[in-house]
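Please keep the viewer open as you read.

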Amino acid sequence: MNPSLVAKRNGTLFFTSNGRWLYPLFELEEACLHSNISPSDLCVEDSIGGIAAAGMMLHLGVRDVHIHILSRLGLDYFRQHGITPGWDQLVDKISCKTEEMLSGTMTPEEIYIFLKKRAGLTGGIPVDIEELHVGYGRHKVLNGLSLHMDAGETLIIRGSNGSGKTTLLRSLLGLQPIATGSIRLNGESIQSPDWNKHRWMCGYVHQGQVTNDFPISAREVIEIGLSGKAAKKEEAAAKIEIAARRTGAFPLLDRPFHELSGGEKQRVNLARCLCQDARLILLDEPSSYLDKEGRAVLKELLEEMSRTVIPTILLVSHDADWTTALGWPERSLEGGQLC
Ligand SMILES: Nc1ncnc2c1ncn2[C@@H]1O[C@H](COP(=O)(O)OP(=O)(O)OP(=O)(O)O)[C@@H](O)[C@H]1O
C-alpha cells in the first residue's frame, strides 16, 4: 500500500504515514517538533488534498508540496498564499465533510485550530451543565442553568454584581454544593468519587482580591500547580520558571505571596494554572488589578494558549473593553440562567 503522506529532506526520507484524513499532517507536525526540523525544509507529498490540507500545510510552514489528487479550492488557497503546489490530477472538489465546512476566507491558523478541534487533538475537555440549581440557603443563585462547551472552546460570561458568576465557577470546581442538576466534565460527573483523580484538569484563577496571609513564596504557590507531577526537582524548577516567565511573574518568585499586589498575585496564580497543565481553565475577573501592560500580557497569553494547547477556557469578567478585544463568544448570566 502506498503511504498517504511522505516527507523528504534533501531527497532523504524523513517521515511517512499511512494514516487517514488529516492525521498524517498532525503526525508530521509532531515529528518535526521532536526532531527540531523545520517543515519549510521538507518536500511533502500527499495523496489527496484540498483546502483543509492546504491550510494545515501553510500553517506548518511547508513550502514544497505535491498532491496527487488536488481540489481546485485547495489549489486556489495555496496560490492565494504564494505557493504553487504540484499535482497529478486536479478535481473540482474532494468529497469530504470537513472540506465543505471550510472557506477560503479563513486564515491558515484558523483552519489549523478548526482541524485540531475536529480531530479531537485539543488540550481541552468538554463541559456539560444541565439544569443546574445552586443557592445559599434560601437564596437561589443558579436557577436551571445549562451550558455545553466543546473541548477547546472559549467563552466569556458577563453578568451584573451578584448574578452568580463566581458561584458558577465554584460549582464547576466542585466547591459549591449542587441542589439539583448535573455537571459533567470530560464526560464524567464531578459528583462521582472518581472525579477526585481528575481534579487537576481544572485550573482556577480567582478574583484578585482574595487574600492569603500564609507565609508562602510566589514560587511555592506556582509549585502547587505541579502537585507532584514533575518527577525530578530540576524538572519542577524549570517548569515553574517557564510558567513564571510566560505570565511576567518571574521577578516575583522569591517574594512572599501575601506581600504581592493584586495584579502581581494574578500573574502568579496564572503561572500556577499553566504549571498544572489544566484542561479546563476557569478565570474569575482575571484582568482586575492588572495594569495596562498586565492586561496586554494576559490577553497575549490567552490567545497563545487557545492557538497552541487549546484548553477549554471559561472566563467571567466585567471588563468589557478588554474581553471585547479577545473576540471570544460571550453570554450573559441573568436570573440564574445563561442568555
Ligand atoms: N458564601 C455565601 N453565602 C451566602 N451568599 C453568598 C455567598 N457567596 C455568594 N453569595 C451570594 O450569591 C450571589 C451570587 O454571588 P457571586 O459571588 O456568585 O456573584 P458574582 O456574579 O460573581 O458577583 P461579582 O460580579 O460581584 O463578583 C450574591 O447575591 C452573593 O451575595
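## Model and confidence

What you are looking at is a predicted model, in which local features need pLDDT of at least 70 and side-chain atom pairs count only at pLDDT 80 or more, while totals for chains, interfaces and linings use all residues. Residues are numbered from 1 along each chain, as its sequence is written.

The average pLDDT of the chain is 90, and 97% of the residues score at least 70; pLDDT is the predictor's confidence in each residue, from 0 to 100. For the complex, the predictor gives an ipTM of 0.97 and a pTM of 0.80.

## The chain as a whole

The chain holds 11 helices and 15 strands. These elements are DSSP runs numbered from the N terminus, with helices (H or I) of at least four residues and strands (E) of at least two. Along the principal axes, the C-alpha atoms fill a box of roughly 70 × 45 × 40 Å.

Of the 339 residues in the chain, 38% are buried. A residue is buried if 20 or more other C-beta atoms lie within 10 Å of its own, exposed if 12 or fewer, and partly exposed in between, with C-beta atoms placed from the backbone. Among contacts with a separation of 6 or more, 62% are between residues 24 or more positions apart; two residues are in contact if their C-beta atoms, placed from the backbone, lie within 7 Å.

## Two domains

The domain assignment gives domain 1 (5-118) and domain 2 (127-213 + 276-338), and such bounds come from an automatic or database domain assignment. Taken over C-alpha atoms, the centres of domain 1 and domain 2 are 36 Å apart. Their contact takes 4 residues from domain 1 and 5 residues from domain 2. On the domain 1 side, these residues divide into 1 nonpolar, no polar and 3 charged. Here Ala, Val, Leu, Ile, Met, Phe, Trp, Tyr, Cys and Pro count as nonpolar, Asp, Glu, Lys and Arg as charged, and the others, Gly among them, as polar.

## Nonpolar cores

A nonpolar core is a set of buried Ala, Val, Leu, Ile, Met, Phe, Trp, Tyr and Cys residues joined through C-beta atoms within 7 Å. The largest one has 50 residues, of which Ile222, Val268, Ala271, Leu280 and Leu282 touch the most other members. Helix H9 (residues 262-275) gives this core its largest share, 6 residues. A second, separate core of 32 residues includes Leu28, Val44, Leu58 and Ile67.

Beyond residues up to four places away in sequence, leucine 280 touches Gly124, Ile125, Val127, Leu185, Met201, Cys202, Pro311 and Thr312.

Why is helix H2 (residues 51-60) described as largely enclosed by the rest of the structure? The reason is that 10 of its 10 residues are buried. Its cover includes helix H1 (23-35), strand E3 (42-49), strand E4 (64-71), helix H3 (72-80), helix H4 (97-101) and helix H5 (108-118). Glycine 61 follows H2 and has a positive phi, near 100°.

Helix H6 (residues 165-172) is also largely enclosed by the rest of the structure, because 6 of its 8 residues are buried. Those buried residues are Lys165, Thr167, Leu168, Leu169, Ser171 and Leu172. Just after H6, glycine 174 takes a positive phi of about 80°.

## Around the ligand

The residues around the ligand are Tyr136, His139, Val141, Gly159, Asn161, Gly162, Ser163, Gly164, Lys165, Thr166 and Thr167; a residue is near a molecule if its C-beta atom, placed from the backbone, lies within 6 Å of it. H6 supplies the largest share of this shell, 3 residues, and E7 and H6 each supply at least two. By class, the shell has 2 nonpolar, 8 polar and 1 charged residues.

Histidine 148 sits in strand E7 (residues 139-149). It counts as exposed because it has 11 C-beta neighbours inside 10 Å. Leaving aside neighbours within four places in sequence, histidine 148 is in contact with Val127 and Asp128. Its C-alpha is 8.4 Å from that of glutamate 130, 18 residues apart in sequence.

Glutamate 241 lies in helix H8 (residues 233-247). With 16 C-beta neighbours inside 10 Å, glutamate 241 counts as partly exposed. Glutamate 241 and glutamine 191 are 50 residues apart along the chain, and their C-alpha atoms are separated by 34 Å.
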